[in-house]
Amino acid sequence: KKELSELEFILFGDITGESERDYFELKARSKRKNLTVGWSKSSSAEERHRASGSRKGKEPVIWKESEKEIEMQSFERQHYQRPKGGQSSRRKRSKKTVYGKGVACVTGDSGIGKTELLLEFAYRFHQRYKMVLWIGGESQYIRQNYLNLRSFLEVDVGVGNSIDKSRINSFEEQEEAAISRVRKELMRNIPFLVVIDNLESEKDWWDQKLVMDLLPRFGGETHILISTRLPCVMNLEPLKLSYLSGVEAMSLMQGSIKDYPIADIDALRIIEEKVERLTLALAIVGSMLSELPINPSRLLDTINRMPSRDILWSGREVHLLRKNTFLLQLFEVCFSIFDHADGPGSLATRMVLVSGWFAPAAIPISLLSLAAHKVPKKHNGTQFWRKLLHSLTCGFSSSYSKRSEVEASSMLLRFNLARSSTKEGYFHFNELIKVYARKRGVTGAANAMVQTVASRGSLSLHSEHVWAACFLLFGFGNNPKVVELRVSELLCLVKQVILPLAIWTFVTFSRCGAALELLRVCTDALEAADQAFLTPVEKWLDKSPCWKPIQTNAQLNPYLWEELALSRATVLETRAKLMLRGGQFDIGDDLIRKAIFIRTSI
C-alpha cells in the first residue's frame with residue numbers, strides 16, 4: 001500500500017488538502033525505511049504553504065530534455081534553523097528531486113515483487129487511462145515488444161510507409177521512422193499507461209541505442225512506469241522496493257492457518273531468514289503448507305536434508321541464486337513432490353525445466369506441454385528420498401492420478417511456480433525459476449523447445465519464442481550456440497521458420513538490422529554444415545577391399561547435400577533482395593552472384 005501511494009503521488013501531479021497531509025505522513029514513514037518519495041507541487045499549493053509559513057513543500061523542478069539525456073534540476077531553497085546559542089543563522093540545503101513528470105521507476109532484486117506492484121497499480125488506476133500497454137523490458141526483445149504496440153494503437157510500422165518515397169531510405173531511417181510513428185501516437189493528448197517490466201539495460205541489445213529513444217516525451221498525458229534491477233535508469237533515482245517486514249512475511253507463509261504452535265512459528269522464522277524474505281520463496285512455502293499435510297518444522301527439515309546440485313554459476317543474473325542455496329533446495333523439494341505424485345520426471349517438473357529456454361514472455365501451455373513431453377524422463381532419486389517424500393506427501397498423492405496437461409498446469413499455479421496470464425492458456429514464470437531451470441542443465445530441454453517452436457510455433461502468436469529458438473540455434477554476437485540440429489532438421493527449420501521470420505520482421509516491423517543479422521547467422525550455419533559434408537569421413541566399409549571407398553558425406557547423401565546447397569542459395573537471394581530495399585546495391589550484387597554460382601554448380 002505504501003509503495004502504491006508513492007507511485008500515485010509521483011504520476012498524478014497536484015495534491016491538495018487531506019491528500020497533501022497524507023503525503024507528508026507517508027514521507028515521514030518512508031524516511032525510516034530509507035525510501036525516497038518525489039513529488040512536484042503545483043504553484044497554487046506552494047503559494048498556500050508559503051502563506052501559512054510552512055516549509056514542508058517541495059521546491060519547483062526544472063526539466064531539461066535533449067536527445068541523449070534528461071536532466072532534472074531543482075532550485076536551492078533557504079531553510080532557517082535556530083542554533084543552540086539562540087542566534088538565527090541561515091543554512092542552504094539542496095534536495096535532488098528523483099522523479100520527473102509522469103514517469104516512475106521501481107527497482108529491487110529478482111523475486112521481490114516488482115511485477116506484482118506494477119500489476120496492482122495498473123489494475124487500481126486503469127480507469128484513468130484509455131489503455132494500459134505492457135512491454136517486456138528484456139534487452140533482446142524490448143524493441144520488438146515496443147513495435148508490437150502497433151496493433152493496439154492502430155499504427156502501420158511497415159517498410160511501405162517510408163517518410164520519403166522519392167528516394168530509397170537507409171535501414172536506419174526506416175527503423176527510426178517506424179519507432180517515431182508509435183512514439184507520436186503515444187504523445188497525443190490521450191492518457192496511456194506504458195509499463196516497461198524488467199528493464200535489463202538502458203541500451204538496446206541490437207544496436208546499442210538508448211531505450212529512452214523509444215519513449216514519448218515526459219510530461220504529456222502518457223505515464224511511464226518502469227521496473228528494473230538496475231540501480232539507476234535514465235538519470236532517475238528509482239523507488240527502491242524493500243523486502244517484506246517480519247509480520248508480512250509470516251502472514252504470507254501462514255495463509256489462513258494462524259494457530260501454529262511455538263515450535264512451528266520458530267521454524268517459519270528460520271525459513272523466513274534463510275530465504276532472505278524473498279517474496280517468491282515465501283509464497284512457495286505458503287502454498288506448500290496449504291496444499292500438503294505437513295507442518296513448518298517438518299518442511300524445514302525436509303528442505304535442509306534435500307541434497308543440492310553442483311551447478312557452474314556464471315553471469316550477473318545468477319548472483320541471488322548462487323548465494324542462496326536454501327532457495328535452490330526449496331525448488332528441488334517442489335520438483336520431488338511433483339515427481340512423487342506423478343512418477344519420476346513428472347510433466348509438471350519437466351514443464352518448469354523446459355520453461356527456462358522460452359522467451360521472457362507469456363508461454364502458451366500447449367507449447368510448454370509439448371516441449372516437456374519431448375524431454376526424456378530421468379530418475380536420480382534414491383530409496384531414502386522416495387521413502388521420505390512418500391511420508392511427506394501422504395494423502396496428497398492419493399487424491400491425484402496421472403496428471404494431464406491441465407492437471408500439471410494446475411499444480412504449477414497452486415504451488416506458485418507459475419502465474420496465469422491475461423491471455424487464456426498462457427503462463428508466466430519468474431526469472432529466478434527460469435534461470436535455475438537453465439543452469440540445472442536437463443538433457444534435451446533446449447532441443448525440445450526449439451523443435452516444438454519450429455513445428456507448432458506461429459509468427460503472429462509466438463514471435464518472441466520463435467526468436468528465442470533462433471538465439472539458441474545460432475548464437476548472436478558473443479552468445480554461444482546451445483542447440484545443434486541434424487542437417488535435415490536445420491533445412492526444415494530454415495524453410496519453415498527462419499526465412500518467414502526474417503521477411504515478416506523486415507516488412508511488417510521495419511526491423512531491418514535484426515532481420516538481416518538473422519539471415520547472416522543462418523548463412524554461416526548453412527555454410528558450416530556444407531563444409532562438414534565435404535570433409536572426408538572414414539567408414540568401416542572403407543577398409544574392406546570389396547568396397548569402393550566413399551570420401552565424403554556429400555557422396556553418401558547426394559540429395560541431402562543438393563538440398564543444403566539450394567537452401568544456401570535461397571537465403572542468399574533473400575538477403576540480396578532485402579539489401580536492395582535499403583540501397584545496399586554493392587552488397588546485394590555480391591550476394592546474388594554467390595547464389596547464382598551455387599545454383600549453376602548444382
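This is a predicted model: local features need pLDDT of at least 70, side-chain atom pairs count only at pLDDT 80 or more; totals for chains, interfaces and linings use all residues.

User: How far from C470 is the nearest cysteine sulfur?

Analyst: A disulfide needs two cysteine sulfur atoms within 2.5 Å. For C470 the nearest cysteine sulfur belongs to C522 and is 8.5 Å away, so by that cut-off C470 is in no disulfide.

User: Are C470 and C512 buried or exposed?

Analyst: Burial is read from the relative accessible area, and a residue under 20% counts as buried. C470 has 2% and is buried. C512 is buried as well, at 0%.

User: What does the chain look like as a whole?

Analyst: The protein chain has 25 helices and 12 strands. Of its 602 residues, 49% count as buried. Contacts can also be sorted by how far apart the partners are in sequence. Among those between residues at least 6 apart, 71% join residues at least 24 apart.

User: How many salt bridges are there, and what is the general idea behind them?

Analyst: Side chains of opposite charge can pair when their charged atoms come close. Searching the whole structure gives 22 salt bridges. One of them joins E176 to K209, with the closest N and O atoms 3.4 Å apart. E176 is in helix α7 (residues 171-186), while K209 is in the loop between β7 (192-199) and β8 (223-228), so this pair ties together parts that are 33 residues apart in sequence.

User: Which other pairs can I look at?

Analyst: E431 and R438 form a salt bridge at 3.5 Å, N to O. E431 is partly exposed at 22% relative accessibility, and R438 is partly exposed at 26%. Another pair is E489 and R486, at 3.1 Å from N to O. There, E489 is partly exposed, with a relative accessible area of 24%, whereas R486 is exposed at 56%. Salt bridges can also share partners, and in this way R143, E175, D204 and D207 are joined into one network.

User: Which residues of α19 are buried, and what do they pack against?

Analyst: A445, A446, A448, M449, V450, T452 and V453 are the buried residues in α19. The buried residues of this helix pack against α14 (347-355), α15 (365-374) and α20 (459-474).

User: What is L501 in contact with?

Analyst: L501 is also in helix α21, and it is buried at 0% relative accessibility. Apart from its neighbours within four places in sequence, L501 is in contact with L459, V466, W467, C470 and L518. The C-alpha atoms of L501 and A515 are 7.8 Å apart, although 14 residues separate the two along the chain.

User: What is there to notice about phi?

Analyst: Most residues other than glycine have a negative phi. S510, which follows α21, has a positive phi near 60 degrees. S510 lies in the loop between α21 and α22 (512-534) and is buried, with a relative accessible area of 1%. R277 has a positive phi too, near 55 degrees. Its place is in the loop between α9 (262-274) and α10 (279-291), where R277 is partly exposed at 30%.

User: Which backbone oxygen lies 2.8 Å from a polar atom of the T302 side chain?

Analyst: A side chain can meet the backbone as well as another side chain. For T302, the backbone oxygen is that of R298. T302 lies in helix α11 (residues 296-305) and is buried, with a relative accessible area of 1%.

Definitions and conventions
Residues are numbered from 1 along each chain as its sequence is written. Side-chain values use heavy atoms; hydrogens and water are left out. A salt bridge is a side-chain nitrogen of Lys or Arg within 4 Å of a carboxyl oxygen of Asp or Glu. Helices (H or I, at least four residues) and strands (E, at least two) are DSSP runs, numbered from the N terminus. Buried means under 20% relative accessible area, exposed over 50%, partly exposed in between (1.4 Å probe, protein chains only). A polar contact is a pair of N or O atoms within 3.5 Å; within protein, one must be able to donate a hydrogen and the other to accept it, and residues adjacent in sequence count only if both atoms are side-chain atoms. Contact means heavy atoms within 4.5 Å.
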